[in-house]
Protein chains: 2
Amino acid sequence: MRLADLPEVRAIHLFRSMEEETFNSIFKAAYFQTFPEQVDLIEEGNPADFLYVVVEGCVELHAKANGRETTMAMVLPVGTFILAAVLNDSVYLMSARTCQKSRILMIPSQDIRAAIEKDKAFAAAIIRELANCYRAVVKEHKGLKLRSAVERLANRLLRYNDAQGGSGSLLLPFDKRTLASLLGMAPENLSRAFNTLKPYGVVVDGSTVHLTDIKALKMLAKPNSLIDDRVI
Amino acid sequence: MRLADLPEVRAIHLFRSMEEETFNSIFKAAYFQTFPEQVDLIEEGNPADFLYVVVEGCVELHAKANGRETTMAMVLPVGTFILAAVLNDSVYLMSARTCQKSRILMIPSQDIRAAIEKDKAFAAAIIRELANCYRAVVKEHKGLKLRSAVERLANRLLRYNDAQGGSGSLLLPFDKRTLASLLGMAPENLSRAFNTLKPYGVVVDGSTVHLTDIKALKMLAKPNSLIDDRVI
DNA sequence: TTTCTCAATTGATAAATATCAAGTCAAATA
DNA sequence: TATTTGACTTGATATTTATCAATTGAGAAA
């Protein structure tokens with residue numbers, strides 16, 4: 001890793017509170033690289049050699065079984081992925097590929113584990129990050145089990161609207177195929193779900209969506225902070 | 001907590017490697033109680049005041065939204081629940097109720113967080129436990145998105161068979177209503193799924209299930225260690 | 001034993017979701 | 001400009017899953 005990049009990395013919340021010595025020891029053997037889009041970073045089943053941090057861009061976590069494949073999550077800056085596999089010294093449960101040109105930090109697993117042993121502040125930061133990841137999956141799982149496809153889409157739109165300033169106009173952060181997979185439905189059904197939401201003021205224009213009747217949409221979506229809130 | 005119970009608690013993997021001093025500080029204000037079945041221990045949305053450890057019995061984690069309710073997980077001895085909420089000092093995402101008479105350890109959240117600050121060995125044990133919980137939910141989520149209801153049941157039966165010695169006869173660990181909810185299907189569909197599996201050697205007798213043609217069942221189920229294996 | 005209760009099953013039907021096959025449209029390319 | 005490409009949409013249909021209603025059956029209570 002280049003010396004010039006260190007200050008930027010040091011500013012990331014995960015690495016901000018750790019001791020200087022731990023920081024240096026970790027980033028001796030770390031990589032900080034820019035990947036083009038559609039690069040497969042890791043494959044499920046392989047041993048967890050690195051912890052990954054998305055600094056810029058976007059990474060899709062996906063998984064397959066039988067012949068099917070599904071998008072499990074999208075990792076945006078600044079987010080980690082595959083943390084649990086690293087901590088457990090186990091294999092990856094998900095594959096990862098860039099879906100944009102992305103700057104990715106890669107830290108050898110053994111260095112992460114050693115740093116946790118040494119550095120309480122870093123251990124605390126890792127615990128917070130891992131707990132957040134856990135809660136995010138639980139929320140996803142609740143959404144999938146407790147909501148229909150249309151409800152999942154409606155709540156997702158409300159969430160993106162909030163995250164983008166709540167103006168009533170939002171940009172879908174990835175293509176519809178990916179969004180459909182993330183929401184657990186076929187691409188065709190995403191189109192139909194958008195149509196179902198038309199009477200609730202959802203106007204789609206390419207990857208822009210206008211919400212013209214948020215009150216009605218919320219009535220249908222029944223948002224629930226224990227599913228939709230990314231902070232709690 | 002009674003003095004006589006301390007050795008038993010000390011033997012639990014989570015508390016085995018921690019320092020004596022930390023151990024004593026934690027269990028000063030802890031509760032170790034036996035609850036009858038069907039007791040609501042916590043409710044989703046409430047602040048996480050305690051970390052719970054199931055020492056004997058069984059606890060159902062469930063969640064609701066809209067009018068629906070679903071079983072999220074069953075916690076067997078010795079397992080924790082609601083760890084992430086405790087670590088994040090946040091609210092519970094799931095509710096919990098005993099489904100048998102159960103001995104439960106309850107440790108005040110702030111004591112857990114203080115102990116992590118102080119005690120590296122305990123922090124390491126907590127990280128391992130949390131990472132395992134995370135991976136368990138990811139596997140559940142993969143199963144739900146990538147498999148049909150019949151496949152989920154088939155794999156679950158194979159898993160219980162393995163866990164119970166692989167004799168080809170297994171006891172369903174909870175009633176079928178709960179199993180159905182856990183597997184993400186209606187109770188009626190669980191019955192039908194069992195019927196669908198009959199040609200694959202699945203013979204149901206109350207809560208006992210015999211697997212008379214494991215090879216055929218595996219052919220249908222296509223078990224996948226990255227979903228079904230609880231150890232990896 | 002008989003009755004009662006409740007989980008589980010079965011049947012009929014409805015709703016949700018997936019699949020297959022065209023078709024549309026806009027951006028990229030020639 | 002014409003063409004190609006690929007994502008998205010739409011329609012028709014099949015499959016999966018849920019719901020409602022009725023029935024069964026085993027264990028608990030009388």
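The contact draws on 54 residues of chain A and 54 residues of chain B, where contact means heavy atoms within 4.5 Å. This is a predicted model, in which local features need pLDDT of at least 70 and side-chain atom pairs count only at pLDDT 80 or more, while totals for chains, interfaces and linings use all residues. Residues are numbered from 1 along each chain as its sequence is written, chains are lettered from A and ligands numbered from 1 in the order in which they are written, and side-chain values use heavy atoms, with hydrogens and water left out.

Trainee: How much area do chain A and chain B bury between them?

Mentor: Buried area is the accessible area (1.4 Å probe) that two parts lose on being put together, summed over both. Carbon and sulfur atoms carry 68% of it here, and the total for chain A and chain B is about 4,700 Å².

Trainee: Which three residues supply more of the area that chain A buries against chain B than any other three?

Mentor: Together they supply 16% of what chain A buries against chain B. The trio is Leu93(A), Tyr134(A) and Leu146(A).

Trainee: Which residue meets Glu44(B) in a salt bridge?

Mentor: The rule here is a side-chain nitrogen of Lys or Arg within 4 Å of a carboxyl oxygen of Asp or Glu. Across the interface of chain A and chain B it finds four salt bridges. In the one with Glu44(B), N to O is 3.0 Å, and the partner is Lys142(A).

Trainee: Which helix of chain A gives the most to the side that touches chain B?

Mentor: Helices (H or I, at least four residues) and strands (E, at least two) are DSSP runs, numbered from the N terminus. Several elements of chain A supply at least two residues each, including strand 4 (59–65), helix 5 (109–118) and helix 6 (120–146). The most, 20 residues, comes from helix 6.

Trainee: On to the DNA: which helix has the largest share of the surface near DNA strand C?

Mentor: Helix 9 (187–197) of chain A, plus helix 8 (176–182) and helix 9 (187–196) of chain B, each supply at least two residues. The largest share, four residues, belongs to helix 9 of chain B.

Trainee: Which side chain has an N or O atom 2.8 Å from a phosphate oxygen of DNA strand C?

Mentor: For Lys176(B), the side-chain N or O atom is 3.0 Å from a phosphate oxygen. Ala186(A) uses a polar backbone atom instead, also at 3.0 Å. The side chain at 2.8 Å is that of Asn195(B).

Definitions and conventions:
Polar contact = N/O pair within 3.5 Å; in protein donor to acceptor, adjacent residues only side chain to side chain.
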